[in-house]
Amino acid sequence: MKKNILTIVIMAATVVNLILTIIMVFSIVPAANKTNKLVDKVAEVMDMELEQEQAENYSFEDLTPYEVNFENKQTINLTQEDGDKEPHYVVIDGFSVSLNKEADDYDKIYEAVQTSPVYVTGCVKSAIAEQTISTLNEETIKAAALAKIQDFYDSKCIVRVDLNGYMYQ
């Protein structure tokens with residue numbers, strides 16, 4: 001009789017243990033997954049910040065300018081706003097991009113820009129053409145052009161864009 005009672009107690013303890021394990025799995029696993037996703041997002045943001053700090057970690061002595069000067073002033077039409085019938089445009093004499101000599105891909109990017117400046121010119125003109133007269137700002141154009149150039153070359157080697165003879169109407 002003692003053996004049967006002991007067997008029943010062990011069986012009951014096993015069933016209670018199984019039930020508590022199931023409850024624990026269904027309550028802890030989703031929370032652990034959410035925590036893992038949060039940790040992954042934080043790690044991604046930290047990686048992005050580290051990459052950005054490395055790309056921005058340069059001095060003016062590390063910069064090599066590359067200038068593109070047009071024979072004639074370039075007139076670039078701006079995007080028209082709704083209800084605005086008058087055309088607006090930007091006129092530039094040229095522009096320059098500054099490359100970071102300390103970047104890993106400096107030689108490759110400098111050679112690409114030097115041999116085919118038409119791609120950089122296209123990025124700058126596209127950044128200007130996307131603006132409207134109400135959103136027009138030289139710093140905004142520079143930032144947009146820089147982002148387009150960096151995306152085009154898939155590199156952070158080009159760190160600055162300057163517009164020469166910038167005028168608008």
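Mentor: A residue is buried when its relative accessible area is under 20%, exposed when over 50%, and partly exposed in between (1.4 Å probe, protein chains only). This is a predicted model, in which local features need pLDDT of at least 70 and side-chain atom pairs count only at pLDDT 80 or more, while totals for chains, interfaces and linings use all residues. Residues are numbered from 1 along each chain as its sequence is written, and side-chain values use heavy atoms, with hydrogens and water left out.

Trainee: Does D62 count as buried or exposed?

Mentor: D62 lies in the loop between α1 (2–56) and β1. Helices (H or I, at least four residues) and strands (E, at least two) are DSSP runs, numbered from the N terminus. The relative accessibility of D62 is 18%, so this residue counts as buried.

Trainee: Which residues does D62 touch, not counting those up to four places away in sequence?

Mentor: Contact requires heavy atoms within 4.5 Å. With residues up to four places away in sequence set aside, D62 touches L99, N100, K101 and E102.

Trainee: How many bridges join β2 to β3?

Mentor: Two strands pair if DSSP finds at least two bridges between them. Strand β2 pairs in the antiparallel sense with β1 (residues 63–77) over 11 bridges, and L63 has N100 of β2 as its bridge partner. Strand β3 (residues 158–164) also runs antiparallel to β2, with S96 opposite D162. The number of bridges joining β2 to β3 is 6.

Trainee: Why is β2 described as largely enclosed by the rest of the structure?

Mentor: Strand β2 covers residues 89–100. It is largely enclosed because the number of its 12 residues that are buried is 10.

Trainee: What angle do α3 and α4 make where they pack?

Mentor: Residues making the contact include C123 of α3 and F152 of α4. The axes, which are lines fitted to C-alpha atoms over the stretch in contact, with angles from 0 to 180 degrees between N-to-C directions, lie 8 Å apart. The angle is about 140°.
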